[in-house]
Amino acid sequence: MKRGRRAEFWITGPSFGWLLLWFGLPTLAVFLVSFRPADPFGGIGAGWTWATWRSLSNPNYPAIIWRTVWLSVAATALCLLLALPAGYYVARAPRRWRNRLMLLIVIPFWTNFLIRIFAWKVLLHPEGLLKQAGMALGLFTPETQLMYHAGAILLVLVYTYLPFALLPIYAAAERFDYALLEAACDLGSSRLGAFYRVFLPGIRRGLTTAALMVFIPALGSYVIPDLMGGASSEMIGNKIAQRTFVDRNLPHASALSALLSLTVLIPMILILYHRVRGSAPPALRPTETAP
Amino acid sequence: MKPGRIPRATLILVLLFFYGPILILAVSSFNASRFGGSWDGFSLRWYRQLFHDRAVWDALRNTLIVALVSTTAAMGLGTTAAFALHRYRSRLQLWHYGLVYAPLVIPDILMGMSLLLFFVSLRLPLGLLSITLAHITFCISYVAMVVLARLQDFDFSLIEAALDLGASRWTAIRHVLLPLLAPGVLAGGLLAFTLSVDDFVITFFVAGPGSTTLPIYIYSMIKHGSPPMINALSVILLALTFIVVMLSQHLTEKRT
C-alpha cells in the first residue's frame with residue numbers, strides 16, 4: 001500500500017507540478033493582480049485597491065458583456081440547428097461513408113484558424129465576390145456593409161465552431177439505437193414526434209457537450225471580433241487585448257479576465273456536474289459504483 | 001427508416017459553407033490582380049513573392065522549433081498524466097484531473113492573459129522560451145486525453161499475462177504496454193503538434209520581440225496589408241494539410 005502510494009506520487013508528480021506551476025498559479029494570479037494598482041510603466045504596482053473593479057461599472061462594460069453573451073448564445077443555437085440534422089445524416093449513412101464524410105467535414109479546419117477568417121474577409125470585402133453577386137441580383141445596394149458589424153462576427157463564429165458541435169453530436173447519433181425510432185413510429189408516433197421525444201433525449205449528452213464546446217470558446221473569442229467586427233461590435237476579449245497591448249494596464253486587463261472567467265465558470269460547473277454524473281473520467285467516478 | 005431530405009440538404013449546405021470561402025481564397029491566389037475584385041489572368045507572382053520573403057521563413061523556423069520542443073515534452077508529461085489518471089482513484093487524482101481538464105475548456109484568451117501576467121511577475125523574458133512553456137502547458141492536456149481514451153480500451157490482462165510468464169514490471173511496461181500504446185501516444189503528439197503550429201491567441205499574448213511565429217506573421221499580414229501573399233500561403237498550408245491527412249488515413253487503413 002505504502003509502495004503504491006509512492007508510485008502514485010512519482011507518476012502524478014511531473015504533470016501535476018507542471019500544470020500547477022504554469023496553469024494553476026497564473027490563473028490565481030489574474031484574480032490577485034486585478035486588485036493591484038497599475039504602475040505608469042505598464043507593470044504592476046504595489047499595494048491593493050478596489051479601484052479597478054469599481055471602474056468596470058463604467059456604462060460601456062455592461063453593453064460589451066451583454067453583446068458577448070448574446071453573440072455566444074446565438075452562435076451556439078445556430079451551430080446546434082445545423083449540426084443536428086447534418087450529424088444525424090452522417091450517422092445514418094452506410095458505415096464506410098461515415099468516416100469519409102466526417103473527414104470531409106474536418107479537413108477545412110486543419111487549415112490555420114486565421115486563414116479561415118481571412119477567407120471570409122476576402123469573400124465579404126466591399127469589392128469581393130459576394131457583394132458583387134448580391135449587387136448584380138439587386139439584393140445589395142453599394143452602401144451595404146457585409147463586414148465590420150455583429151452579423152459578420154456571428155457568421156464567422158458559426159463557421160469556426162460548427163465542427164466542435166458536429167463531432168459530439170455525430171458521436172452520440174452514431175451510438176443511438178435507431179430501432180427505437182422505428183418502434184416509436186410503429187406505436188403511432190409521427191416521424192417528427194419520434195425525433196423530438198425519442199432521438200433528442202437519446203443523444204442528450206452529445207447535445208450538451210456540443211453546446212458547451214461552442215458557447216465557452218465563443219465567450220472568449222477575440223480574433224474574430226477583432227478582424228470581422230467594428231468599433232461598435234466589440235466583445236469582452238477585445239477589451240482584454242486592448243487593455244493589455246494598447247493601454248498596457250495589466251490590472252485592468254486582469255479584472256476583465258477575472259470577469260470572463262466567472263462567466264465561463266457557470267457553464268464549466270455544468271460540464272463537471274454533467275461529467276461526474278456520467279461516465280467519462282475514471283478519477284471522478286464515485287467509488288461506490290466502481291466494479 | 002431512412003433519413004429524410006432535410007438532413008441531407010443541411011449536410012450539403014454545411015459542406016458548401018465550409019469549403020466555399022477556402023476555394024475562393026485558393027482561386028484568388030492565382031489571380032494577377034492585387035485587389036481580388038477582378039480576374040486579371042493566371043499568375044504565380046504571389047507565390048514568388050512569398051518565397052522571397054525572409055520573414056516568412058524565420059517565422060516558419062520559430063514555429064517549428066516551438067512545436068517540436070513542446071510536442072516532445074507534452075508527449076512525455078501527457079502520457080504519465082494519463083497513466084496516473086487511469087491507474088489511481090484518489091483525491092489527488094481528482095485535483096489532477098481538474099488541472100488536466102481545465103485548460104481544454106478555458107478560452108484561449110484567459111490562458112494567454114494569465115500566462116503573460118505570470119511571466120511578467122516572474123520577470124521571465126518574453127520570447128521563444130515563454131511561448132514554448134505556454135505551448136507545453138496546453139498540449140499536455142490534449143495528449144493526456146487522447147492517451148487516456150486509449151487506456152480505457154486497453155486490455156490489461158495482457159500485462160498480467162506477461163507478469164505471470166515471469167516478466168518484471170519494467171519489462172512488461174516496455175515490451176507490452178508501450179508498444180501497444182504507441183499509436184495512442186503518437187496520435188496525441190500529432191494533435192499537439194498541429195495545435196502548437198496553429199495557435200495564435202496564446203502565442204500572441206506571450207510572444208516578445210524576435211519571436212514571431214507563422215500565425216503571428218499571418219495576423220500582421222491580415223492587419224497591415226499584403227493580402228495576396230496570404231492567399232498563396234494558405235494554399236500551400238492547405239495542400240500540406242491534405243497530404244498529411246491522406247497519408248495518416250492511408251497508414252491507419254493499412255494497419256487495420
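Buried area is the accessible area (1.4 Å probe) that two parts lose on being put together, summed over both. With that in hand, here are the close-ups. The model is predicted, so local features need pLDDT of at least 70 and side-chain atom pairs count only at pLDDT 80 or more, while totals for chains, interfaces and linings use all residues. Residues are numbered from 1 along each chain as its sequence is written, chains are lettered from A in the order in which they are written, and side-chain values use heavy atoms, with hydrogens and water left out.

**View 1. Chain A on its own, helices from end to end.** Chain A has 13 helices and zero strands, where helices are DSSP runs of H or I with at least four residues, strands are E runs of at least two, and numbering goes from the N terminus. Its C-alpha trace spans about 75 × 70 × 35 Å along the principal axes.

**View 2. Where chain B meets chain A.** Here 86 residues of chain B touch 94 residues of chain A, with contact meaning heavy atoms within 4.5 Å. The two chains bury about 8400 Å² between them, and 80% of that is on carbon and sulfur atoms.

**View 3. The salt bridge between the chains.** The count between chain B and chain A is one, taking a salt bridge as a side-chain nitrogen of Lys or Arg within 4 Å of a carboxyl oxygen of Asp or Glu. The partners are D226(A) and K223(B), at 3.3 Å from N to O.

View 4. The axes of α7 (residues 150–175) of chain A and α1 (residues 5–28) of chain B come within 11 Å and cross at roughly 125°. Axes are lines fitted to C-alpha atoms, for helices over the stretch in contact, and angles run from 0 to 180 degrees between N-to-C directions. The pair is therefore oblique; the label covers whatever is left after under 35 degrees (roughly parallel), over 145 (roughly antiparallel) and 65 to 115 (roughly perpendicular). Residues of α7(A) including L155(A), Y159(A) and P163(A) meet residues of α1(B), among them F17(B), F18(B) and P21(B). By class, this contact has 11 nonpolar, no polar and no charged residues, with Ala, Val, Leu, Ile, Met, Phe, Trp, Tyr, Cys and Pro as nonpolar, Asp, Glu, Lys and Arg as charged, and the others, Gly among them, as polar.

**View 5. α4(B) against α6(B), within chain B.** Helices α4 (residues 91–105) and α6 (residues 128–153) of chain B pack at about 110°, axes 8 Å apart, which makes them roughly perpendicular. Y97(B) and L104(B) are among the α4(B) residues meeting α6(B), whose side includes S141(B) and M145(B).
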